[in-house]
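I opened a new page for this chain.

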Amino acid sequence: MTRAATTGATTKGATGATPAPAGGAHEAARNKGALVVFSGGQDSATCLAWALDRFERVETLGFDYGQRHVVELACRDALRDGMGALDPVWKARLGEDHTLSLDALGAVSDTALTRETEITMSESGLPSTFVPGRNLIFLTFAAALAYRRGLRHIVTGVCETDYSGYPDCRDDTIKSLQATLNLGMETRFVLHTPLMWIDKAQTWDLARSLGGDALVGLINRDSHSCYLGQRGELHPWGYGCGECPACKLRRTGWEQYQTLRAESVGNV
């Protein structure tokens with residue numbers, strides 16, 4: 001497989017400037033290692049490929065917080081194995097996978113992602129799938145693990161271009177959290193958000209630039225986005241109920257991506 005060159009999403013996706021390497025082999029190794037917040041969804045799978053294309057050692061981290069779509073965690077092994085099979089360089093770079101239990105987050109959350117309730121829009125304009133503090137907690141635990149594992153770079157698939165309006169996905173939130181983590185842990189983490197400024201169609205296109213149609217097919221088949229956890233029927237855009245906000249975003253993005261691909265082929 002021909003490995004893709006760095007895309008424009010790379011520069012804008014990093015919320016802070018990469019620090020200059022300090023002295024010593026240990027510090028040099030820290031600069032070359034990354035931890036990917038890896039749920040098993042389309043976005044985090046694309047971020048894993050993005051990280052494998054750039055860092056010499058890449059570990060992954062998933063969270064079990066009592067989510068209704070906990071099936072997403074079961075998708076992670078197939079995605080990791082599939083990416084390793086696509087590229088021997090990626091396989092060599094792929095490090096340990098970690099799963100942390102965050103039962104307390106589910107216990108304090110009264111949302112449609114942690115309860116068997118209908119997905120609705122609240123008076124604030126946010127869908128009832130919003131889990132307050134989720135990404136803040138995820139990234140704080142990710143930083144604690146990265147600190148122990150000797151990894152400087154933390155990669156997450158949040159974005160504010162094509163999303164449900166979650167405030168903890170915004171660029172300003174991530175920049176603020178990066179500063180707080182670095183102050184609180186006396187270190188220089190870099191939080192990377194390679195999808196921050198692209199929509200779902202462009203996310204599929206990014207996957208294709210990284211691993212070709214084989215990677216697009218892998219993510220389409222083996223990742224999971226549906227909030228209801230449904231994996232009964234494989235649609236053209238992947239598994240899911242087709243009606244929840246996550247499915248609608250994924251389906252629309254896939255259809256737009258197919259249109260762009262057709263136009264691109266037609267212009268050749």
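Helices here are DSSP runs of H or I with at least four residues, strands are E runs of at least two, and both are numbered from the N terminus. On that basis I count 11 helices and seven strands in the chain. I note at the start that this is a predicted model.

**Entry 1. The whole chain**

I looked up burial next. The chain has 268 residues, and 53% of them count as buried. Then I checked how far contacts reach along the sequence. I took contacts between residues at least 6 apart, and 71% of these join residues at least 24 apart.

**Entry 2. Helix α9**

I picked α9, residues 171–185. This helix has 15 residues. From first C-alpha to last it reaches 21 Å, close to the 21 Å expected at 1.5 Å a residue.

Which residues of α9 are buried? I find D171, T173, I174, L177, Q178, L181 and N182. Looking down the axis of α9, I see these buried residues fall within an arc of 160°, so they line one face of the helix. The face turned away from the buried side carries the exposed residues D172, L183 and G184.

I then asked what covers the buried residues of α9. The cover includes α8 (134–149) and β5 (190–192).

T180 is also in α9. Is T180 buried, partly exposed or exposed? Its relative accessibility is 47%, so I list T180 as partly exposed. I also took a distance to T140. T180 and T140 are 40 residues apart in sequence, and their C-alpha atoms are 9.5 Å apart in space.

**Entry 3. After α9**

E186 follows α9. This residue sits in the loop between α9 and β5. I checked its backbone. Most residues other than glycine have a negative phi. Phi of E186 is near 55°, a positive value in a residue other than glycine. E186 has 73% relative accessibility, so I list it as exposed.

**Entry 4. The cavity**

Rolling a probe the size of a water molecule over the atoms shows where empty space is left. How many cavities of 30 Å³ or more does a search of the whole structure find? The search finds one. The volume of the largest cavity is about 690 Å³. Its lining has 35 residues, and the closest to the centre are S39, D43, R134, G157 and Y227.

I sorted the lining by residue type. I get 16 nonpolar, 13 polar and six charged residues. I also checked which elements contribute. α3 (42–52), β2 (57–64), α4 (71–74), α8 and α11 (245–266) each supply at least two residues of the lining.

**Entry 5. Helix α3**

α3 is on that list, and I checked its burial. This helix is mostly covered, with 11 of its 11 residues buried. Among the buried residues of α3 are Q42, D43, W50 and L52. D43 is also one of the residues closest to the centre of the largest cavity.

**Entry 6. D97**

D97 lies in strand β3, residues 94–101. I get a relative accessible area of 28%, so D97 is partly exposed. What does D97 touch, not counting residues up to four places away in sequence? I find T60, L61, R76 and R80.

**Entry 7. C159**

I placed C159 in the loop between β4 (153–155) and α9. Is C159 buried or exposed? With 5% relative accessibility, C159 counts as buried. Setting aside residues up to four places away in sequence, C159 touches C169, L195, M196 and I198. C159 and M196 are 37 residues apart in sequence, and 3.7 Å apart from C-alpha to C-alpha.

**Entry 8. P236**

P236 counts as exposed, at 63% relative accessibility. Leaving aside neighbours within four places in sequence, I still find P236 in contact with N220 and W254. P236 and N220 are 16 residues apart along the chain, and their C-alpha atoms are separated by 8.2 Å.

How values were computed. Residues numbered from 1 in each chain as written. Predicted model: local features only at pLDDT ≥ 70, side-chain atom pairs only at ≥ 80, totals over all residues. Heavy atoms only, no water. Expected span 1.5 Å × (residues − 1). Buried < 20%, exposed > 50% of the residue type's maximum accessible area, 1.4 Å probe, protein only. Arc of directions from axis to C-beta. Contact = heavy atoms within 4.5 Å. 1 Å grid on protein atoms, 1.4 Å probe; cavity = no way out; pocket = protein on both sides within 12 Å on 5 of 7 lines; lining within 4 Å. Points joined across faces, edges and corners; volume = space filled by probe spheres on them. Nonpolar A, V, L, I, M, F, W, Y, C, P; charged D, E, K, R; others polar.
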